[in-house]
Amino acid sequence: MIRFDNVTKVYDRKARPALDSVSLEIERGEFAFLVGASGSGKSTFLRLVMREERATSGAVLVAGQNVASLPSWRVPRLRRGIGVVFQDFRLLPQKTVFANVAFAMQVIGRSRAIIRDAVPEVLKTVGLEGKGHRMPHELSGGEQQRVAIARAVVNRPGILLADEPTGNLDPATSQGIMSVLDRINQNGTTVVMATHDTDIVNSMRKRVIELVDGRVIRDEAKALYTSMIPAVAPTGGERA
Ligand SMILES: Nc1ncnc2c1ncn2[C@@H]1O[C@H](COP(=O)(O)OP(=O)(O)OP(=O)(O)O)[C@@H](O)[C@H]1O
């Protein structure tokens, strides 16, 4: 579903690459965490998948297409297959919950009848049944994030990218958001989530891809935030 072949991203030629020779594959239907310190390259990884940035070298394949070489007129079609959720929700403050979610369908030309059916259904999936008439400021942070998730998945994308979706939420609310993401994943959507949240990662036991300075230093199934496998002491070479 998502494949990185030797991907390097350089923003600034004087600095180290934001991503450095990353190769990995995330299968359809998987749930993967991207973990690592601030600046390790997590957001860059997500931005390359949705073609918000282009790789400097290497290939980024999404559903079999190399998105790095996709002409710009094809980017909207790529994005239609990818839902995105951010730490800061990014709702339209003057629109109701219903209208925020409906907007994602209007922009791709869905009919009113389809929108009328799909929005309440997706609000139910994220646990916001009956709250379509509320304004964003009348919701808690956790509820606002649920609206953002509903908006991201209402067009049934194959992939959901989440960049620190629990970063502004308390631990109990964060767990609620994780059950929503888990449910969406169980319905077949591939989920890739960047996070610093140790407790969340430890409670989910999903695949963990760990980045340090733009390099993948660990890629482990059903893993914890911190690896249980003892690190091998460097025996010389570049770190000596
Ligand atoms: N638009 C940009 N221009 C220049 N450098 C950038 C840009 N975006 C990111 N970088 C640099 O690339 C590196 C990786 O950043 P990135 O945002 O991918 O990290 P991150 O792991 O998502 O961090 P955080 O957890 O703080 O969001 C950092 O050194 C950052 O300063």
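User: How many of the eight residues of helix α1 are buried?

Analyst: This is a predicted model. In it, six of the eight residues of helix α1, which spans residues 42–49, are buried, and the helix is mostly covered. Those buried residues are K42, T44, F45, L46, L48 and V49.

User: Where else does a residue other than glycine have a positive phi?

Analyst: F89 is one case, with a phi near 60°, and K222 is another, with a phi near 40°. F89 sits in the loop between β6 (82–86) and α3, while K222 belongs to the segment after β10 (215–220).

User: Is F89 buried or exposed, and is K222 buried or exposed?

Analyst: The cut-offs needed here are under 20% relative accessible area for buried and over 50% for exposed. F89 has a relative accessibility of 10%, so F89 counts as buried. K222 has a relative accessible area of 65% and is therefore exposed.

User: Which residues come nearest to the ligand?

Analyst: There are 13 residues around the ligand, and S38, G39, K42, S43 and T44 come nearest. Of these, K42 and T44 are also among the buried residues of α1.

User: Which side chains place an N or O atom 2.5 Å or 3.2 Å from an oxygen atom of the ligand?

Analyst: In the side chain of T44, an N or O atom is 2.5 Å from a ligand oxygen. For H196, the distance from a side-chain N or O atom to an oxygen atom of the ligand is 3.2 Å. R47 also takes part: one of its polar side-chain atoms lies 3.2 Å from a nitrogen atom of the ligand. As for cover, the ligand on its own has 630 Å² of accessible area, and the protein covers 60% of this.

User: Which members of the largest nonpolar core touch the most other members?

Analyst: In soluble globular proteins, nonpolar side chains tend to be buried together. In this model the largest nonpolar core holds 42 residues, and F33, V101, I149, L160, M178 and L181 touch the most other members. Elements that each supply at least two residues of this core include β3 (31–35), α3 (97–106), α5 (141–153), β7 (159–163) and α6 (171–186). The largest share, six residues, comes from α5.

User: Why does this core lie between domain 1 and domain 2?

Analyst: Domain 1 (1–81 + 159–223) and domain 2 (91–156) both give residues to the core, so the core lies between them.

User: How far from A172 is D199, in sequence and in space?

Analyst: D199 and A172 are 27 residues apart in sequence and 11 Å apart from C-alpha to C-alpha. D199 lies in helix α7 and counts as exposed, at 56% relative accessibility.

Methods
Residues numbered from 1 in each chain as written. Predicted model: local features only at pLDDT ≥ 70, side-chain atom pairs only at ≥ 80, totals over all residues. Heavy atoms only, no water. Near = heavy atom within 4 Å. Polar contact = N/O pair within 3.5 Å; in protein donor to acceptor, adjacent residues only side chain to side chain. Areas by Shrake-Rupley, 256 points an atom, 1.4 Å probe, with all protein chains shown as cover. Core = buried A, V, L, I, M, F, W, Y, C linked by side-chain atoms within 4.5 Å. Buried < 20%, exposed > 50% of the residue type's maximum accessible area, 1.4 Å probe, protein only. Helix = DSSP H or I, 4+ residues; strand = E, 2+ residues; numbered from the N terminus. Domains from an automatic or database assignment.
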